[in-house]
Amino acid sequence: MLPEPSIARVPGTGAHVIVDSGGTGAVRTSSGRFLRLVSPPPGLPDVLGGASHGDPEASAYAETLRARMSAFEEEDAQRRWPGPRREVALVGRGPLIDAVADALTGWGAAVTRHTDGGSLLALMDGAADDDRRGGGTAGPRGEGAWPWGLVVAYADSPVERVGWDRLDTLPSQGVAWLRAYREGENCFVDPICLNGDDPGAEQVYRRRLAASFVPRELDTWRRAAVAAAPASAAAHMLMTSRLLTLALAWAQGSDALGGHRTTLWKLVPATGTISEHPVLAYDPPSSIDRGACRRV
């Protein structure tokens with residue numbers, strides 16, 4: 001009677017070795033690829049399982065296999081979140097931004113936290129002052145770059161979005177800019193901004209006002225609105241998922257970024273409706289020269 005196939009985890013990795021009843025071996029990597037093992041020693045599954053009496057050949061084979069699988073997993077991690085884009089700043093507080101921080105950290109990002117836009121603006125202003133004094137700590141990404149490649153912000157109420165219009169300058173300095181917020185119970189994730197030609201927080205809101213049938217009422221309500229009740233578990237998960245999808249696309253330079261740069265995502269929990277709306281940037285209007293009439 002042929003022996004039963006055996007499966008053993010490669011220690012320190014997410015890979016598994018499978019040896020069939022005929023002694024043919026394969027390894028399944030943590031990413032789901034199956035690779036054929038070349039001449040695996042008979043005692044390999046026992047050694048991988050922690051047997052102390054394994055023969056030296058099987059022990060050496062197991063160590064080589066562990067090193068190879070670890071290298072594969074490091075390569076996969078670099079593809080998932082490339083090292084040059086590790087630095088990410090998060091703006092906001094609460095369970096949603098905590099969940100985003102945990103997920104990004106688990107994916108390999110180096111996350112720094114800021115309670116609100118004001119704290120990040122203060123850091124930016126201080127860095128800019130140092131730069132003007134010759135410190136060289138701020139500027140477009142490259143020489144004297146900001147430390148982060150991506151800034152993600154979340155606000156539970158309109159008052160928490162104060163200062164976001166100033167953060168709209170980040171893309172022109174080489175920093176990607178991603179925003180999510182709630183208005184009452186409704187949830188929004190703005191298009192991700194990669195350069196100064198993308199619609200920032202202020203432009204998205206102006207576009208929404210222009211498309212609204214009741215722009216005056218919308219603007220009045222938003223200015224007076226306070227934080228709503230905590231988001232439901234479903235709304236929380238859906239908005240977090242959208243933010244992570246856009247952040248991951250940015251990190252990997254995905255082809256999907258083109259669409260993400262012009263798409264406003266909206267969730268209405270009351271009806272369970274998810275919708276996407278195109279939002280394009282526009283040239284800011286020329287400033288009014290109030291002294292022109294006096295000069296005529």
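Buried means under 20% relative accessible area, with exposed over 50% and partly exposed in between (1.4 Å probe, protein chains only). Helices (H or I, at least four residues) and strands (E, at least two) are DSSP runs, numbered from the N terminus.

The model is predicted: local features need pLDDT of at least 70, side-chain atom pairs count only at pLDDT 80 or more, and totals for chains, interfaces and linings use all residues. Residues are numbered from 1 along each chain as its sequence is written, and side-chain values use heavy atoms, with hydrogens and water left out.

## Exercise 1

Solution. 
1. Two strands pair if DSSP finds at least two bridges between them.

## Exercise 2

Task: give the strand order of the open sheet of seven strands, and say why one side of β6 and of β11 has no neighbour in the sheet.

Solution. 
1. The order is β6-β5-β7-β8-β9-β10-β11, with mixed pairing.
2. β6 (110-114) and β11 (273-278) are at the edges and have a single partner strand each, so one side of each is left without a neighbour in the sheet.
3. On average, neighbouring strands are turned by 15 degrees against each other, direction ignored. Axes here are lines fitted to C-alpha atoms, for helices over the stretch in contact, and angles run from 0 to 180 degrees between N-to-C directions.
4. For the parallel case, take β5 and β7, joined by four bridges; alanine 89 stands opposite valine 151.
5. For the antiparallel case, take β10 and β11, paired over six bridges; tryptophan 265 has glutamate 276 as its bridge partner.
6. α8 packs on the sheet, touching β7, β8, β9, β10 and β11, and its direction makes about 170 degrees with that of β8.

## Exercise 3

Task: describe the largest nonpolar core.

Solution. 
1. A nonpolar core is a set of buried Ala, Val, Leu, Ile, Met, Phe, Trp, Tyr and Cys residues joined through side-chain atoms within 4.5 Å.
2. The largest has 30 residues, of which Leu104 and Leu150 touch the most other members.
3. The largest share, nine residues, comes from α8.
4. Contact means heavy atoms within 4.5 Å. Neighbours within four places in sequence aside, leucine 104 is in contact with Trp81, Val88, Leu90, Ala109, Val111, Leu244 and Ala247.
5. A second, separate core has 22 residues, including Ala89 and Trp146.
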